[in-house]
Amino acid sequence: MKRLLDSDIDRLRLLSGGDRELRFDRDGEVLRIDLREDYIQMWQDEATVKGNEANLFLACENSGGNLEATKLTWVVGSAIRPETVQTKEQFTEILLSLGVSKNLASMALEHCPGLIGTIAWALYFERHGWLTATPICNL
């Protein structure tokens, strides 16, 4: 597994302080970026098992069938599905099909550096409806 080395991620770590977490709110919805080392390691382990070539790792309700037939959910008990997207439009379409609002998809594109380009990210919903993103590794 490649290490997570990126100046933008380092900047997020500095901004997050001791909590290693950032929250972005818009129109009553929350994007949470989780930068805790144990979570990053957990997702890196999943990425190693599921396939290093993906740039998204999604916690879904089920692992079988078309991706559009499931929903994004919380990590505990979820099926981790690796996906590769090439464009912002593809990313947004996948998230919309998984039950994520366009607003949250837009916030992820805005606040997750390297998304769809240089960094693999894991995404899941918190039980209270926040979209949580964790950077995994450089691509």
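**Briefing: contacts and buried residues**

Tyr 124 has a relative accessible area of 5%, so this residue is buried. The model described here is predicted. The structure holds 1 aromatic pair, and the count of disulfides comes to 0.

**The aromatic pair**

- The ring centres of Trp 43 and Tyr 124 are 6.1 Å apart and the ring planes meet at 25 degrees, so the pair is stacked.
- Trp 43 counts as buried because its relative accessibility is 0%.

**Arginine residues**

- Arg 36 lies over the face of Tyr 39, at 4.1 Å from the centre of the ring.
- Arg 32 is placed in strand S2 (residues 29-34). Its relative accessibility is 5%, so Arg 32 counts as buried.
- The side chain of Arg 32 makes a polar contact with the side chain of Glu 21, at 2.9 Å.
- Leaving aside residues up to four places away in sequence, Arg 32 touches several residues, including Glu 21, Leu 22 and Arg 23. Tyr 124, Glu 126, Trp 130, Leu 131, Thr 132 and Ala 133 are also among the residues that Arg 32 touches.

**Ser 97**

- Ser 97 is located in helix H3 (residues 88-97). With a relative accessible area of 17%, Ser 97 is buried, because the limit for a buried residue is under 20%.
- A polar atom in the side chain of Ser 97 lies 2.7 Å from the backbone oxygen of Ile 94.
- When residues up to four places away in sequence are not counted, Ser 97 touches Glu 68, Thr 70 and Lys 71.

**Cysteines**

- Which cysteine has the closest sulfur to that of Cys 60? The closest cysteine sulfur is in Cys 112, at 16 Å, which is too far for a bond.
- Cys 112 is in no disulfide, and the nearest cysteine sulfur to Cys 112, that of Cys 137, is 14 Å away. The reason is one of distance, because a disulfide requires sulfur atoms within 2.5 Å.
- Cys 60 counts as buried, at 0% relative accessibility. Cys 112 also counts as buried, at 3% relative accessibility.

**Ile 119**

- Ile 119 is found in strand S5. The relative accessible area of Ile 119 is 0%, and this residue is therefore buried.
- Ile 119 and Gly 17 are 102 residues apart in sequence. In space, the two residues are 21 Å apart from C-alpha to C-alpha.

**Helix H4**

- Which residues of helix H4 (residues 102-111) are buried? They are Asn 103, Leu 104, Ala 105, Met 107, Ala 108 and His 111.
- The cover over the buried residues of H4 includes the helices H1 (7-16) and H3. Strands also contribute to this cover, including S1 (21-26), S2, S5 and S6 (131-138).

Key. Residues numbered from 1 in each chain as written. Predicted model: local features only at pLDDT ≥ 70, side-chain atom pairs only at ≥ 80, totals over all residues. Heavy atoms only, no water. Phe/Tyr/Trp six-rings, centres within 6.5 Å; stacked < 30°, edge-to-face > 60°. Buried < 20%, exposed > 50% of the residue type's maximum accessible area, 1.4 Å probe, protein only. Lys NZ or Arg CZ within 6 Å of the ring centre and 35° of its normal. Helix = DSSP H or I, 4+ residues; strand = E, 2+ residues; numbered from the N terminus. Polar contact = N/O pair within 3.5 Å; in protein donor to acceptor, adjacent residues only side chain to side chain. Contact = heavy atoms within 4.5 Å.
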